[in-house]
Amino acid sequence: MTSKITRRSVTAGLAMGALATPGLGIVSGRAQTKAVKMAMIAPLSGPWARQGQLLRQGAEMAIDEINQKGGIEKLGGAKFELVVGDAGDNTEKAKNAAQRLLSDQPDLIGGFGSWLSSFTLAVTEVTERAELPWLTLSYSDAITNRGFRFIFQTSPTADWQAAETLPTALKLAEAATGKRPKTIGVIQDNTASPVSFGRQLREGGGLDKAGLKPVVDQIFTPPLSDATPLVDKVRSAKPDFLLLLTSAMPDCKLVLEKLDEFKLTKGKLPLVGNGAVRLPRIVEDDRPRIA
Amino acid sequence: MRTRAESNRQRWAILAFAVAILLLSFAVLKSAYYQLVLTQVLLWAVLSLAWNVLSGYSGYFSFGHAAFWGLGAYTVALGMMYFDLTPWISIPLCSVVGGAAGAIIGYPTFRLRGHYFALAMLAYPLATLCVFQWLGYQELTLPMKRDAPLLYMQFADPRLYVVLALGLLVLALLITLWVENSRFGMSLLAIKQNEPAAEAAGIDTWRWKMLALMLSGAIAAVAGGLYAVLLLVVTPETVFGMLVSAQALILALFGGVGSLWGPVIGAMVLVPLAEGLNAELGDVLPGIQGVVYGVAIIVIILCAPEGVYWRVLDYLARHRPTRRVQPIPAAALPSNIAPLPRPPPARGGNLLVLRDIGISFGGLRALDGIDLIVPEGGLYGIIGPNGAGKTTLFNIINGFLSPDRGAITFSDAPITNLRPSQVCRRGIGRTFQVVRAFSRMTVLENVIVGAFAGEPDDASARRMALSALDRVGLSAQAGTIAGGLTTRELRLMELARALASHPRLLLLDETLAGLSHDDLGGILAVIRQLHDDGMTVLIIEHTMQAMVRLVDHFTVLDHGRLIAEGRPEDVVRDDSVIEAYLGRKWVDRVASPAK
């Protein structure tokens with residue numbers, strides 16, 4: 001499911017969504033023309049930096065648009081201001097960034113981030129205690145299972161995705177090939193989101209319900225250095241379609257290139273993916289191959 | 001080993017440090033963010049101190065302390081998620097988990113040394129990381145306890161975390177101080193400088209290394225447990241990742257390896273530096289913080305290769321020369337010295353009996369069917385040309401090598417295949433062909449290490465060492481660093497180290513080699529005096545003249561075989577001995593001296 005929704009439009013939507021959150025009512029009375037500060041914490045360095053940059057670009061575009069149109073009308077034309085924190089490459093840095101932003105900027109009205117669900121979990125441990133509304137598109141179930149009151153997940157959770165995706169994917173695959181798929185191949189990394197997605201598929205009975213037999217089931221640890229062994233298994237097992245669940249762009253690209261090299265693209269093998277597959281760079285570069 | 005006054009001073013320093021941190025936390029730092037960073041500084045310092053207990057003192061570098069840290073973090077997280085276990089209980093429990101992990105890891109890994117050990121340690125956290133991913137613990141969060149936050153260490157006031165982490169750090173500092181000041185630390189230092197010598201001097205190196213790793217693992221796991229409480233989210237990458245192992249190592253290397261304060265200095269400087277760079281540069285020039293951090297470390301390592309602590313100490317020492325290690329004044333010695341217990345008077349029995357000893361290295365028969373009997377109180381010499389197997393014989397007696405066949409009994413008890421430290425404890429002391437000194441310890445400390453084998457408490461070991469030094473006439477050099485001694489002094493020091501363990505039998509391996517004529521006389525006098533006091537001595541020597549004057553029995557080895565034995569004056573006239581030493585031609589010349 002290479003979704004048409006790009007990261008940009010999602011983040012723009014997020015920024016708008018912040019206005020509708022309940023915490024804002026309190027602020028609006030005294031805000032007047034003071035800038036309305038919104039936090040973004042995302043990985044701007046380390047292996048997930050690319051995703052963080054895209055989040056930031058999206059947020060800046062959305063804010064520019066609102067500000068150029070005269071700011072927030074209901075607040076007397078108050079301008080939006082983005083405050084950015086780098087979540088780095090581990091949860092400690094992510095939590096520090098959250099604590100720092102909260103200490104430095106006492107007048108934040110809310111925030112969003114932080115791509116990787118581990119980072120989001122760490123960041124929201126801080127924001128929840130500060131009662132700061134937080135939006136995220138990380139979709140690990142753990143984020144909303146904690147009983148927190150100030151976290152808003154805009155993506156469906158992994159369990160839900162897994163349960164809802166398969167019928168749709170099956171329909172897509174059926175439409176593409178003309179017959180209902182019987183077998184499936186899964187290639188995924190072992191980061192939290194794909195793992196909870198995969199858990200629903202395998203142990204939650206998702207595959208059984210859809211009447212699918214997994215003929216390839218490969219889990220790798222990022223970063224992937226060579227996709228040949230994974231794709232080779234796909235080639236020899238010939239599943240009716242392939243589910244690709246990766247969280248980092250380089251891994252995703254490696255798998256796609258290898259699929260292309262093995263002549264499994266261009267309609268030969270229907271491919272369904274989420275996570276990194278949706279990144280603009282992948283969609284732009286690989287559209288001819290995936291299509 | 002520190003004196004009592006010095007260790008008291010260290011205790012005051014720890015107290016002052018704790019008060020300073022509390023002041024910093026409660027009076028200076030206002031923001032919750034700085035409190036969080038301060039807590040992290042303290043926790044990383046604990047991890048680095050834990051690493052230092054093993055690697056700093058014993059020299060066994062570990063690249064894998066993340067294994068303990070991570071196990072601690074997961075113990076707390078899993079305990080709270082599945083058993084509703086409060087961290088107040090699970091964090092102390094981490095010490096058990098960490099200690100057990102240390103034992104499990106140490107058992108196979110201490111078969112390796114040097115770089116091999118370091119690389120093997122690297123594997124443990126990486127393997128554990130995969131195990132925890134496989135178990136499905138990609139992301140654990142400590143459940144928020146809104147109704148009983150204090151019971152579950154979920155404080156609203158960040159200063160309480162500082163207090164907890166500080167308590168842990170003070171505990172780690174006191175443990176480190178205790179290690180430094182006891183035979184534990186001394187034994188580890190001896191292992192670091194010369195492991196075979198430590199083993200031969202009666203140090204059970206295996207036991208101390210295992211204890212060090214278990215203690216180190218326990219401390220690291222407890223710190224990891226508190227880290228989980230602080231961060232509230234535990235992922236395998238964060239707690240088992242390379243960064244954690246590297247952090248432990250870098251902080252200690254930066255601050256000063258093998259010192260009490262080094263790891264603390266490292267954490268106080270580097271952790272805030274890294275976080276500050278992250279905060280200031282992370283969103284402006286993403287990634288540059290890593291570069292600046294790396295450059296800072298490189299610069300410091302270039303300027304202070306042994307770490308900031310030692311650099312500062314050297315600087316202070318140069319400007320306050322009176323504080324240097326001073327030689328112990330000779331006049332002060334006698335009052336402390338307990339008389340060295342003399343070996344029990346000769347019973348005339350056989351002290352050491354070797355039966356049919358044989359060993360081969362590949363195709364080379366180094367020793368073949370050696371029988372040797374040394375009576376109690378004897379002064380026996382082993383001679384033979386180079387490669388005859390003399391040192392190999394010593395290595396078999398004191399346990400460095402296991403013979404392929406044959407048996408050794410000492411004082412009527414079998415000692416074949418015992419470890420060197422056990423052999424030493426049975427009463428066999430030895431010196432080496434090439435002196436194996438602990439070159440960065442003082443002469444006194446070198447000898448104290450030898451005294452541990454026979455003395456249960458550290459104070460009496462010190463007295464015993466002083467007495468042994470007195471006996472070989474080296475009291476005046478007691479405070480000198482062993483690296484600066486002459487060959488004669490080194491030989492005497494090694495002799496004193498062997499004596500300090502109350503041996504009944506002394507194995508002296510070419511003790512006279514490389515000495516001038518004057519020095520020779522001095523050492524011969526010491527050996528003769530020992531013999532007169534009832535000590536049994538077995539000595540390997542090349543210097544024939546000296547030997548003939550010294551010993552009362554010769555054993556001659558050649559090509560791994562015993563070719564002659566008996567009284568010195570008989571042996572030197574034996575044809576096979578002359579042939580072995582000088583060749584066939586000389587046998588003929590001795591037989592017909594007229595030519």
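Which residues of β8(A) are buried on one side, and which on the other? In the legends that answer this and go on to further views, residues are numbered from 1 along each chain as its sequence is written, and chains are lettered from A in the order in which they are written. The model is predicted, with local features needing pLDDT of at least 70 and side-chain atom pairs counting only at pLDDT 80 or more, whereas totals for chains, interfaces and linings use all residues.

**View 1. Strand β8 of chain A, covered on both faces.** F241(A), L243(A) and L245(A) are buried on one side, and L242(A), L244(A) and T246(A) are buried on the other, where buried means that 20 or more other C-beta atoms, placed from the backbone, lie within 10 Å of the residue's own. Strand β8 spans residues 241-246 of chain A, and 6 of its 6 residues are buried; strands here are DSSP runs of E with at least two residues, and helices are runs of H or I with at least four, numbered from the N terminus. Strand β6 (residues 183-189) of chain A runs parallel to β8(A) and is joined to it by 5 bridges, pairing being assigned if DSSP finds at least two bridges between two strands. In this pairing, G185(A) has L242(A) as its bridge partner in β8(A).

**View 2. Helix α11 of chain A.** The 13 residues of this helix, 249-261, reach 18 Å from the first C-alpha to the last, close to the 18 Å expected, a span taken as 1.5 Å times one less than the number of residues. Among the buried residues of α11(A) are the charged-class members D251(A), K253(A) and K258(A), and the helix is followed by K263(A), whose phi is positive, near 60 degrees.

**View 3. V257(B) in a loop of chain B.** V257(B) lies between α11 (242-255) and α12 (262-281) of chain B, and it is buried because 23 other C-beta atoms lie within 10 Å. Leaving aside neighbours within four places in sequence, the contacts of V257(B) include N52(B), G56(B), E306(B) and G307(B), two residues being in contact if their C-beta atoms, placed from the backbone, lie within 7 Å.

**View 4. The contact between chain A and chain B.** Chain A gives 29 residues to the contact and chain B gives 27. On the side of chain A, the elements giving two or more residues are β2 (80-86), α4 (91-104), α5 (117-129) and α8 (192-202), with the largest share, 8 residues, coming from α4(A).

Methods
A residue is buried if 20 or more other C-beta atoms lie within 10 Å of its own, exposed if 12 or fewer, and partly exposed in between; C-beta atoms are placed from the backbone.
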